[in-house]
Amino acid sequence: MQTPHIFSLGGGLDLVTPDIAIPDGRAIGGKNYESDQQGYRRFIGYERYDGRPPPSEASYAILNFTNGVGSIGQTIAAGAVVTGASSNANGVAAVDAVVTSGAFDTANAAGYLVLYNVSGTFLASEVLNAGSLAALATGDAVAGAAPSDALDAAYRNAAVTARRASIGSVPGSGPVRGVWAFSSDVYAIRDNAAASAGVLYRATGSGWSAQSLGHTLDFDAGTAEFVEGETVTGGTSAATATIERVILQGGTYSGNDADGFLVLSSILGAFQDNEAITSTSGAAVADGVIVANALPPGGRYEFVNHNFFGAESLRRMYAVSGVGKGFEWDGAVFTPLRTGLSDALDVPTHVQEFKGHLFLGYPSGSWLFSEIGNPLAWTVSGGAGEIAVGAEPTGAVRASGVLVLMGSTRIDYLAGSSAADFVLEPILTDSGAQRWATQQTNTPLYMQDLSLYQLEQSPDTLAGWRMMSMSQSIEPLLRAMRGRGVTPKASMRVKNRDAYRVFFSDGTGFSVYLGRGPAEIMSIDLPMTVECSYSGEETGSELLFVGADDGFVYQIDKGADFDGSPIDAFVRLNFSHCGLPKTNKRFHSAKLELEGGQVAQLSMAADFDYGSPDSPFSPETNFQIAGGGGFWDTALWNQFYWDNQVVGTAEGEISGLGRNISVSISSRTNDQEAHVLANVAIYWTQRRLVR
């Protein structure tokens with residue numbers, strides 16, 4: 001009689017526990033599966049993004065036509081825009097017109113069009129225009145009305161592919177230097193084609209749009225304060241401009257020696273050096289001529305969003321790059337952050353907000369902070385200052401009312417609320433944190449030499465903090481990565497999944513599940529190299545983006561593939577002895593349970609007796625599991641669901657002999673939603689005791 005051994009999957013990679021002691025359900029190898037609450041979830045996927053509708057949400061509609069007319073050999077080809085002459089409804093052909101009778105060159109073609117990006121309602125008998133071709137519609141386009149499920153899948157895939165092809169990379173050259181969300185918009189920065197300057201782009205419904213950074217005009221000898229929104233006029237040149245920002249850098253208006261700069265727009269004429277400039281409220285002297293704001297090429301951008309001013313409309317985005325001054329952006333106005341350092345030194349690499357101050361980290365080993373409530377003001381007399389930490393900053397996170405300052409060789413925390421009571425205290429003085437891997441989850445997470453650590457406040461330690469290693473279970477893998485010179489490139493918190501992800505310079509990464517106690521780490525392997533990342537809820541729901549080495553911005557956890565390429569995924573489970581480590585067994589079969597997804601095309605194989613060459617290897621078993629609440633076998637048909645079991649199951653033959661068994665599950669697909677490997681049941685019969 002066969003005995004079932006049933007266990008749930010979870011725990012992540014375990015490469016250090018002795019084989020005989022590894023709990024069932026853990027993995028000893030794998031890629032592109034992630035731990036989550038239900039088991040091991042296949043990586044969802046990613047797709048390119050530029051503000052246009054996402055490829056994965058593309059759908060198609062069938063528009064029947066008659067009386068198609070055109071020249072010899074012509075047809076309404078894929079990519080053609082089809083417009084109703086009366087309704088002005090339109091759509092784009094996903095495939096060439098399907099002609100069921102007649103021909104366009106004989107003016108009697110009949111059949112149907114497969115359209116995507118359909119807008120409006122087509123009318124019966126209206127003329128359809130598609131370039132030099134025309135036809136008559138028989139009615140409105142009908143969503144998902146392919147004549148078979150095979151064609152339904154093909155047409156939907158064609159719509160997805162066509163929409164993907166229309167989404168462009170961030171214009172320019174080199175990698176994406178930064179990606180971020182602010183208000184309801186997504187921004188990216190990339191060098192221009194000549195690599196002579198950086199360009200700030202906003203994602204729009206028609207793709208990436210370069211943003212105007214405006215101009216600045218320095219002033220001195222100020223006797224009356226300028227006001228935003230007023231028009232400033234040159235006394236000699238008669239040039240005019242609208243004042244967008246007023247930044248005081250020194251002196252006072254009452255002392256007639258105020259100096260600073262104006263951020264201007266709508267400029268008419270050319271202001272002259274040393275001419276008087278006035279507005280309704282303000283008066284000063286121009287200290288130079290108008291200068292166009294610009295971003296230098298290169299660098300790696302870090303951002304933070306915050307409202308320092310109170311009113312909801314005054315929330316703004318702040319950024320630094322390590323190659324130029326930081327800046328503020330409100331969606332329309334660009335303001336450089338001038339801290340008073342020389343241009344050569346004013347190159348902050350990290351940025352954070354704390355207690356109403358904007359903090360900028362500099363390679364010299366210092367953090368400068370702005371005046372409280374004013375991120376554009378950096379005068380010591382106004383409350384700005386400097387915190388010297390003695391190590392190059394690598395990041396900063398707010399935690400439990402303090403600011404944790406990460407450095408290359410040490411970690412400190414800053415307590416207090418202003419320059420009057422700020423106190424810097426050490427956490428670690430003999431090790432630091434690697435750049436781009438720090439995230440704030442429930443507690444700060446960071447990496448040092450690729451090992452992952454967590455910081456927790458603890459009254460039992462001298463520093464009041466406790467450092468805990470989270471990656472002991474994968475130390476052999478980390479050693480190999482160190483040997484290859486792998487470094488972190490970006491990281492993100494995935495709040496909706498209780499997860500942390502970090503991406504490395506070789507295109508690999510880790511997904512770390514934090515929702516079940518000890519960290520569960522699994523490997524991911526992407527066909528692109530992540531250069532920067534964003535994760536947050538700026539638009540009301542959690543969004544995850546990365547900027548890549550190929551110049552594209554990709555939305556993570558979106559779609560069912562890697563931007564059109566198949567997702568190769570596998571997980572190899574630990575060698576399970578089914579509770580009897582010293583007993584030989586005949587293994588007969590394994591049953592796999594899945595949750596989520598419509599259809600999962602999987603392969604399963606097994607090794608026996610710790611992979612001994614003397615034990616027979618189980619042949620790979622391919623099977624397709626349908627689950628998730630009722631679906632057609634191979635394709636989702638226009639949101640219609642058949643009744644079916646919620647949990648998909650499949651059983652594979654894994655005949656073999658040995659004391660233990662390791663089951664491997666793999667998938668390679670680009671058209672199936674992510675599934676979760678939840679449980680495994682192994683069926684075996686007992687043989688003799690191993691002596």
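Mentor: Start with the setting. Of the 691 residues of the protein, 52% count as buried. Buried means under 20% relative accessible area, exposed means over 50%, and partly exposed lies in between, with a 1.4 Å probe and protein chains only. This is a predicted model, in which local features need pLDDT of at least 70 and side-chain atom pairs count only at pLDDT 80 or more, while totals for chains, interfaces and linings use all residues. Residues are numbered from 1 along each chain as its sequence is written, and side-chain values use heavy atoms, with hydrogens and water left out.

The fold is described by two helices and 54 strands. These are DSSP runs numbered from the N terminus: helices are H or I with at least four residues, strands are E with at least two. The C-alpha atoms fill a box of roughly 100 × 85 × 40 Å along the principal axes. Take contacts (heavy atoms within 4.5 Å). Among those between residues at least 6 apart in sequence, 61% join residues at least 24 apart.

Now the charges. There are 43 positive and 71 negative side chains. Lys and Arg count as positive, Asp and Glu as negative; His and the chain ends are not counted. The centres of the two sets lie 10 Å apart, each charge being placed at NZ of Lys, CZ of Arg, CG of Asp or CD of Glu.

On to the pairs. A salt bridge is a side-chain nitrogen of Lys or Arg within 4 Å of a carboxyl oxygen of Asp or Glu. By this rule there are 32 salt bridges. Three of them deserve a look.

Take D191 and R177. Their closest N and O atoms are 3.1 Å apart. D191 sits in strand β15 (residues 185–191) and R177 in strand β14 (residues 173–182), 14 residues apart, and the pair links distant parts of the chain. Which side of the cut-off do they fall on, buried or exposed? D191 counts as buried because its relative accessibility is 4%. R177 counts as buried too, at 19%.

Next, R435 and E392. Here the closest N and O atoms are 2.7 Å apart. Both partners come from loops: R435 from the one between β36 (423–428) and β37 (439–440), E392 from the one between β32 (385–388) and β33 (393–399). They are 43 residues apart, and again distant parts of the chain are linked. R435 is at 22% relative accessibility, so it counts as partly exposed. E392, at 30%, is partly exposed as well.

E531 is buried, with a relative accessible area of 17%. K489 is partly exposed, at 23%.

Salt bridges can also share partners. E228, R245, R316, E328 and D330 are joined into one network that way.

N117 is not a glycine, yet its phi is positive, about 55°. N117 belongs to strand β10 (residues 109–119) and is partly exposed at 34%. D449, also not a glycine, has a positive phi of about 55°. D449 lies in the loop between β38 (444–448) and β39 (451–457). At 43% relative accessibility, D449 is partly exposed.
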